[in-house]
Amino acid sequence: MSQSKITVLHGPNLNLLGTRQPEIYGYETLDDVNNALREKAVIAGWDVNCLQSNHEGELIDAIHAARTDGTQAIIINPAAYTHTSVAILDALNAFEGKVIEVHISNVHKRESFRHHSYVSLRADGVIAGLGTQGYQAALEAIIKSAT
Ligand code: CA2
């Protein structure tokens, strides 16, 4: 039997996590976030596949791959593409599993252009403002809903 799988996608500039603007995004690096997810997931028997990209098309290709590689759920922080990308929304609409959208900061407390999310039109759940803990909350929700 194939292992349960989650794809975690991080959008543009999130490779800088933990190196700049800690007052907004905290001190954890992207590797810290991904390793913590893998650690928690493995205990529950899930496999986690993480990708960060600064390129919209690469994120779309990863969503397409998730349609056929056994991924049951996608955790995605589309970063600035949240507010601009109909193409990422369209790709997610072609994915049949669960989609959880995560934002480290509370986008609703920030500039008005961050208040609208194309991805939220598809997401089954949206987490914002919990810092990097939001990724863990997303993972827990996916694991719990599958058991
Ligand atoms: O709060 C979030 O997670 C965001 O998705 C982060 C995006 C922003 O455009 C969204 O509105 C909200 C920005 C990601 C930039 O990440 C950085 C991390 C550290 C240093 C600089 C940028």
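Q: Is His-103 buried or exposed, and how do I read that?
A: This is a predicted model. Start with relative accessible area: under 20% counts as buried. His-103 has a relative accessible area of 5%, so His-103 is buried.

Q: Where in the fold does His-103 lie?
A: Look up the secondary-structure element. His-103 belongs to strand β4, which covers residues 98-103.

Q: What separation do the C-alpha atoms of His-103 and Val-126 have?
A: Check sequence and space together. The two residues are 23 residues apart along the chain. Their C-alpha atoms are separated by 8.0 Å.

Q: Which ligand atom lies 2.9 Å from a polar side-chain atom of His-103?
A: An oxygen atom of the ligand. For a polar contact, the pair of N or O atoms must be within 3.5 Å. With Ile-104, the backbone takes part: one of its polar backbone atoms is 2.7 Å from a ligand oxygen.

Q: How much of the ligand's accessible area does the protein cover?
A: Take the ligand on its own as the reference. That area is 510 Å², and the protein covers 94% of it.

Q: Where does the ligand sit?
A: In the largest pocket.

Q: Now away from the ligand shell. Is Thr-7 buried or exposed?
A: Apply the cut-off again: buried means under 20%. Thr-7 has a relative accessible area of 4%, so Thr-7 is buried. Thr-7 lies in strand β1, residues 4-10.

Q: With which side chain does the side chain of Thr-7 make a polar contact?
A: Look for a partner side chain and a distance. The partner is the side chain of Thr-71, at 2.8 Å.

Q: Why is Gly-129 classed as partly exposed?
A: The class lies between the buried limit of 20% and the exposed limit of 50%. Gly-129 is partly exposed because its relative accessible area is 39%. Gly-129 is in the loop between β5 (125-128) and α5 (133-146).

Conventions
Residues numbered from 1 in each chain as written. Predicted model: local features only at pLDDT ≥ 70, side-chain atom pairs only at ≥ 80, totals over all residues. Heavy atoms only, no water. Polar contact = N/O pair within 3.5 Å; in protein donor to acceptor, adjacent residues only side chain to side chain. Areas by Shrake-Rupley, 256 points an atom, 1.4 Å probe, with all protein chains shown as cover. 1 Å grid on protein atoms, 1.4 Å probe; cavity = no way out; pocket = protein on both sides within 12 Å on 5 of 7 lines; lining within 4 Å. Sits in = over half its atoms within 2 Å of the grid points. Helix = DSSP H or I, 4+ residues; strand = E, 2+ residues; numbered from the N terminus. Buried < 20%, exposed > 50% of the residue type's maximum accessible area, 1.4 Å probe, protein only.
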